[in-house]
Amino acid sequence: LIPSSVRYMSGGTGALAPNLKDALSGRDAPPAMPVMGARALRAQNNLLEALVVFIPVALLLEMQGQTGGWAVRGATVFLGARLFYTPAYMSEIPGVRSAIWATGHLGLAMMVLTLLGVLA
């Protein structure tokens, strides 16, 4: 919801100036996406790319009954990192977004290694 909210709640200058008429229309000509909205959209796309890996791995772990230990730790690390990823991306603090992204993928690796039997 963040990218669309930023697009329709800003007047292009970054200041909140709701454009309710455009938001409620057919959106054939949406307003320009502000920089913060574009960052939020890139963060959203990154989440979708990561979920393509996370969801099948989580389901396979569940199907194999590996629902504790490293599997849960990995999922918790991944989900925790994803919770902070969008605000970090939007804040544009150098290095923070990348560190959070790497932490999330470390959680995915923990899950995959559990699935493969490397971690117990």
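Biologist: Among contacts between residues at least 6 apart in sequence, what percentage join residues at least 24 apart?
Modeller: That comes to 66%. Keep in mind that this is a predicted model.

Biologist: Okay, and how many helices and strands are there?
Modeller: Five helices and zero strands. Starting at the N terminus, the order is α-α-α-α-α.

Biologist: What share of the 120 residues is buried?
Modeller: Buried residues account for 28% of them.

Biologist: Let's talk rings. How many aromatic pairs turn up in a search of the whole structure?
Modeller: Two. One is Phe54 with Phe78, which is stacked, at 4.6 Å centre to centre and with 15° between the planes. That pair links distant parts of the chain: Phe54 sits in helix α3 (residues 35-63) and Phe78 in helix α4 (residues 69-91), 24 residues apart.

Biologist: Is Phe54 buried or exposed? And what about Phe78, buried or exposed?
Modeller: Phe54 is buried, at a relative accessible area of 11%. Phe78 is buried too, with 1%.

Biologist: And why is the pair of Tyr85 and Tyr89 called edge-to-face?
Modeller: Their planes are at 75°, so the pair counts as edge-to-face, and the ring centres are 5.7 Å apart. Both tyrosines are buried.

Biologist: How many residues apart are Tyr85 and Tyr89 in helix α4?
Modeller: Four, so about one helical turn separates them. As a rule, an α-helix has 3.6 residues a turn, so residues three or four places apart point the same way.

Biologist: Which charged ends sit over rings?
Modeller: Arg82 has its charged end over the ring of Tyr85, 4.3 Å from the centre. There's also Arg73, whose charged end is over the ring of Trp70, at 4.9 Å from the ring's centre.

Biologist: Back to α4 as a whole. How far apart are its end C-alpha atoms?
Modeller: They're 33 Å apart, and that agrees with the 33 Å that its 23 residues should span at 1.5 Å a residue.

Biologist: Where does α4 have a kink?
Modeller: At Tyr85, shortly before the proline Pro87, and the kink is about 35°.

Biologist: Which residues of α4 are buried?
Modeller: The list includes Ala71, Gly74, Ala75, Phe78, Ala81 and Arg82. Further along the helix, Tyr85, Thr86, Ala88, Tyr89 and Met90 are buried as well.

Biologist: What covers them?
Modeller: The cover for the buried residues of α4 includes α1 (2-9), α3 and α5.

Biologist: Let's switch to α3. Is Ala40 buried or exposed?
Modeller: Ala40, which lies in helix α3, is buried, with a relative accessible area of 3%. Apart from its neighbours within four places in sequence, Ala40 is in contact with Ile2, Pro3 and Met90.

Biologist: How far is the C-alpha of Ala40 from that of Pro87?
Modeller: 8.4 Å, although the two are 47 residues apart along the chain.

Biologist: What about Arg39, buried or exposed?
Modeller: Arg39 is also in α3, and at 12% relative accessibility it counts as buried. Setting aside neighbours within four places in sequence, Arg39 is in contact with Tyr89, Met90 and Glu92.

Biologist: Where does Glu92 lie?
Modeller: In the loop between α4 and α5. At 53% relative accessibility, Glu92 counts as exposed. Its phi is positive, about 60°, although Glu92 is not a glycine.

Biologist: Now α5. How many residues does α5 have, and how far does it reach?
Modeller: Helix α5 (residues 96-115) has 20 residues and reaches 29 Å from its first C-alpha to its last, close to the 28 Å expected.

Biologist: Which residues of α5 are buried?
Modeller: Ile100, Gly104, Gly107, Leu108, Met110, Met111, Thr114 and Leu115. Looking down the axis of α5, the buried residues fall within an arc of 150°, so they line one face of the helix.

Biologist: What do those buried residues pack against?
Modeller: Against α3 and α4.

Terms used. Residues are numbered from 1 along each chain as its sequence is written. This is a predicted model: local features need pLDDT of at least 70, side-chain atom pairs count only at pLDDT 80 or more; totals for chains, interfaces and linings use all residues. Side-chain values use heavy atoms; hydrogens and water are left out. Rings of Phe, Tyr and Trp (its six-membered ring) pair if their centres lie within 6.5 Å; planes under 30 degrees apart count as stacked, over 60 as edge-to-face and the rest as tilted. Helices (H or I, at least four residues) and strands (E, at least two) are DSSP runs, numbered from the N terminus. Buried means under 20% relative accessible area, exposed over 50%, partly exposed in between (1.4 Å probe, protein chains only). A charge sits over a ring if NZ of Lys or CZ of Arg is within 6 Å of the ring centre and within 35 degrees of the ring normal. The expected span of a helix is 1.5 Å times one less than its number of residues. The arc is that of the directions from the helix axis to the C-beta atoms. Contact means heavy atoms within 4.5 Å. The bend at a residue is the angle between axes fitted to the seven residues ending there and the seven starting there.
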